[in-house]
Amino acid sequence: MRYNIPITGLSIAALLLAGPALAQDKPTMGQKIEQKTDAAADKVKDAAHDAKVGMNDSWLTSKTKIALFADDRVKGRQVSVETQNGMVTLRGKVDSAEAKAAATEIAKGIEHVKSVRNELQVVAPSQRDRVDADDKQIGKSVEQRFKQDPQLKSAKIDAKVDAGVVILTGEVKSLDTSARASEVARSIPGVRYVKNDLTYASRSSLESSKVQR
């Protein structure tokens with residue numbers, strides 16, 4: 001019996017020493033609250049960042065439009081401007097190659113613009129009315145063909161036409177659907193080529209999962 005007493009004492013002492021270590025493995029209520037607070041703060045920061053980016057893009061679009069309309073080289077009555085993450089995209093029609101180059105120069109000169117994608121089409125003023133009429137007809141044909149196609153009829157695709165160039169934007173289910181949209185649009189008489197700016201869900205999901213990791 002004499003030997004049992006020190007062994008029991010050592011066991012109790014070991015448990016007492018191990019207690020704080022075991023307690024550290026489990027987060028306390030205060031730590032849990034702190035973790036939740038940090039997570040909420042991160043979400044607020046992300047939302048604020050997204051709002052700031054959206055505001056900056058809108059600001060850049062407005063500044064670019066003002067600069068284009070004020071420049072006599074461009075005569076930007078038929079120029080549309082879109083901005084995403086600091087990248088400005090120019091679409092529409094201008095009178096000459098010089099006007100197209102000037103539009104790029106003007107957009108690049110706006111403060112905080114990261115890059116410029118110039119998709120303007122050069123159409124002489126004398127041909128503008130005929131080209132506009134042709135573009136309207138092509139746009140109607142593309143829309144009709146999309147509605148008739150089994151793979152595309154439920155897709156949310158916006159098709160714009162500039163001087164025979166079809167520009168596709170929106171989101172579709174897959175890369176295969178995106179390719180089908182280009183194929184159908186290119187088959188329309190009068191279409192010079194198709195600019196496919198469609199995004200597809202599987203790619204968006206993949207990028208989202210990468211961010212979460």
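Glu82, Thr83, Gln84, Met87, Thr89, Arg91, Arg117, Thr169, Asp197 and Thr199 line the largest pocket of this predicted model. That pocket has a volume of about 280 Å³, and β1 and β2 are the elements that give two or more residues to its lining. The model is predicted, so local features need pLDDT of at least 70 and side-chain atom pairs count only at pLDDT 80 or more, while totals for chains, interfaces and linings use all residues. Residues are numbered from 1 along each chain as its sequence is written, and side-chain values use heavy atoms, with hydrogens and water left out.

**The largest pocket**
- By class, its lining holds 1 nonpolar, 5 polar and 4 charged residues; Ala, Val, Leu, Ile, Met, Phe, Trp, Tyr, Cys and Pro count as nonpolar, Asp, Glu, Lys and Arg as charged, and the others, Gly among them, as polar.
- A pocket here is an open set of points on a 1 Å grid over the protein atoms alone, where a 1.4 Å probe fits, with protein on both sides within 12 Å along at least five of seven lines; lining residues have an atom within 4 Å of a point.
- The volume is the space filled by probe spheres set on the points, which are joined across faces, edges and corners.

**The three-stranded sheet**
- An open sheet of 3 strands runs in the order β1-β2-β3, with mixed pairing.
- β1 (79-84) and β3 (115-122) stand at the edges with a single partner strand each, so one side of each has no neighbour in the sheet.
- From one strand to the next, the twist averages 10°.
- β1 pairs with β2 (residues 87-94) in the antiparallel sense over 6 bridges, and Val81 stands opposite Leu90 in β2.
- Strands (E, at least two residues) and helices (H or I, at least four) are DSSP runs numbered from the N terminus, and two strands pair if DSSP finds at least two bridges between them.
- Helix α3 (residues 97-108) lies across β2 and β3 and runs at about 160° to β3; axes are lines fitted to C-alpha atoms, for helices over the stretch in contact, with angles from 0 to 180 degrees between N-to-C directions.

**Hairpin and parallel partner**
- β4 (residues 156-162) and β5 (residues 165-172) pair in the antiparallel sense over 7 bridges, with Ile157 opposite Gly170 in β5.
- These two strands, β4 and β5, form a hairpin with 2 residues between them, and Ala163 in the turn has a positive phi of about 55°.
- β5 is also joined by 4 bridges to β6 (residues 193-196), and the two run parallel; here Val166 stands opposite Val194 in β6.

**Val123, a buried loop residue**
- Val123 lies in the loop between β3 and α4 (128-148).
- Its relative accessible area of 4% makes Val123 buried (buried means under 20%, exposed over 50%, partly exposed in between, with a 1.4 Å probe and protein chains only).
- Leaving aside neighbours within four places in sequence, Val123 is in contact with Lys93, Val94, Asp95, Arg128, Val131 and Ala163; contact means heavy atoms within 4.5 Å.
- Val123 and Ala97 are 26 residues apart in sequence and 9.2 Å apart in space, C-alpha to C-alpha.

**Positive phi in two loops**
- Most residues other than glycine have a negative phi.
- Asn85, in the loop between β1 and β2, has a positive phi of about 55° although it is not a glycine; Asn85 is partly exposed, at 49% relative accessible area.
- His112, in the loop between α3 and β3, has a positive phi of about 80° and is not a glycine either; His112 counts as exposed at 56% relative accessibility.
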